[in-house]
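Me: Please take a close look at one part of this model, the strands and how they pair. I would like one connected account.

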Amino acid sequence: MNKKEINHSCDASDFVSLGEVIPDVITEIRYYTSFNFIGDRIEGYEAPLAILTLEAAQALKDVSEEAMRKGYRLRIFDAYRPQKAVDHFMRWAEDPQDIRMKEYFYPSLAKEILIPQGYIAPLSGHTRGSTVDLTLFDMEKHRDADMGGPFDLFGEISHPDYRGVSDEQHENRMLLRSLMMNHGFRGIDEEWWHFTLKNEPYPDTYFTFPISFGTLHQIKRTQ
C-alpha cells in the first residue's frame, strides 16, 4: 500500500485573516504567548493573528452568525499552524527534562507518552489551514462558557463526551460541537475545542509560511 503523498507549500494566497472576515471574533492566540504546554512562544508565531483558508473562514463566519443569535461570540485559540511550529512541538516532546508546564496542561500524564499516544505528532491538521481551536464566549455572562477544562489540557477530561463534567459543562461542549457541525466542520474524539472543515481545500498540503504581519500583507496583495 502506497503512503499518502505529503506536499509542502509556502503559498498563502488562499488564506485570510479571521479578524477581517469575522469582525466579532475574539482572538487569543496561545502559541504567540508563553502560556501554552511548552512555556515559550512557539516558532512560526510572529504575530497574534488567526489565519485560515478562505473556505474555512467563510464557514466559520456562518458559525459565528448562528452563535451570535444564541448569545455567544467565538474565541479563537489557534487556527493555521506553520510546520515550523509542529517541528517545535516535536523537539520539545523529545526532551524529557522540560516539564515546566506539566501541572497546567498534562498533570495526569507522563511526558514520555505524549508522542506514542498521539498528543504530539509530526503532522497536524492545523498546518493544512482549515482547522481551528476555539470556544464560546457568553455575552450575557461576560465570560467564556464553562467547558469543564481549559484549552490544551491533555487527557480524558478533554474528550467531548467525557461525562465527569457537570451537565452544564457537557451541554456547552455539545452546543459548540453542534454549531460547528451545522456549518461543515467535523470534530475529533480527544479535544472538545478542535474542528476541521470537512471539505478542506488542501487535504494533502502542509503549509510553511509564518504567522506574521508580513504574511498578512502578502495575502492582501493577492486578493
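**Strand pairing around β9**

Reply: In β9, Thr 196 is the bridge partner of Thr 131. This pairing belongs to a predicted model, in which three bridges join β6 to β9 and the two strands run antiparallel. On β9 (residues 194–197), both faces are covered. His 194 and Thr 196 are buried on one side, and Phe 195 and Leu 197 are buried on the other.

Strand β9 also pairs with β8 (residues 185–187), again through three bridges and in antiparallel fashion. Here Phe 195 of β9 is the bridge partner of Gly 187. β8 and β9 form a hairpin, with six residues between them.

From β6 (residues 131–138), the pairing continues to β5: six bridges join these two strands, which run antiparallel. Within that pair, Leu 74 stands opposite Leu 136 in β6. Strand β5 (residues 72–78) has six of its seven residues buried, so the rest of the structure largely encloses it. A buried residue here has under 20% relative accessible area.

β5 is joined as well to β3 (residues 26–27), by two bridges, and these strands run parallel. Thr 27 stands opposite Ile 76 in β5.

Glu 156, Asp 161, Asp 189 and Glu 190 form a negative surface patch. Glu 156 lies in the loop between β7 (143–144) and α5 (167–182). With a relative accessible area of 52%, Glu 156 is exposed, because the cut-off for exposed is over 50%.

Conventions. Residues numbered from 1 in each chain as written. Predicted model: local features only at pLDDT ≥ 70, side-chain atom pairs only at ≥ 80, totals over all residues. Heavy atoms only, no water. Buried < 20%, exposed > 50% of the residue type's maximum accessible area, 1.4 Å probe, protein only. Helix = DSSP H or I, 4+ residues; strand = E, 2+ residues; numbered from the N terminus. Pairing = 2+ DSSP bridges. Patch = residues over 30% accessible without salt bridge, like charges linked within 9 Å, V, L, I, M, F, W, Y side chains within 5 Å. Areas by Shrake-Rupley, 256 points an atom, 1.4 Å probe, with all protein chains shown as cover. Salt bridge = Lys/Arg side-chain N within 4 Å of Asp/Glu carboxyl O. Lys, Arg positive; Asp, Glu negative; His and termini not counted. Charge placed at Lys NZ, Arg CZ, Asp CG, Glu CD.
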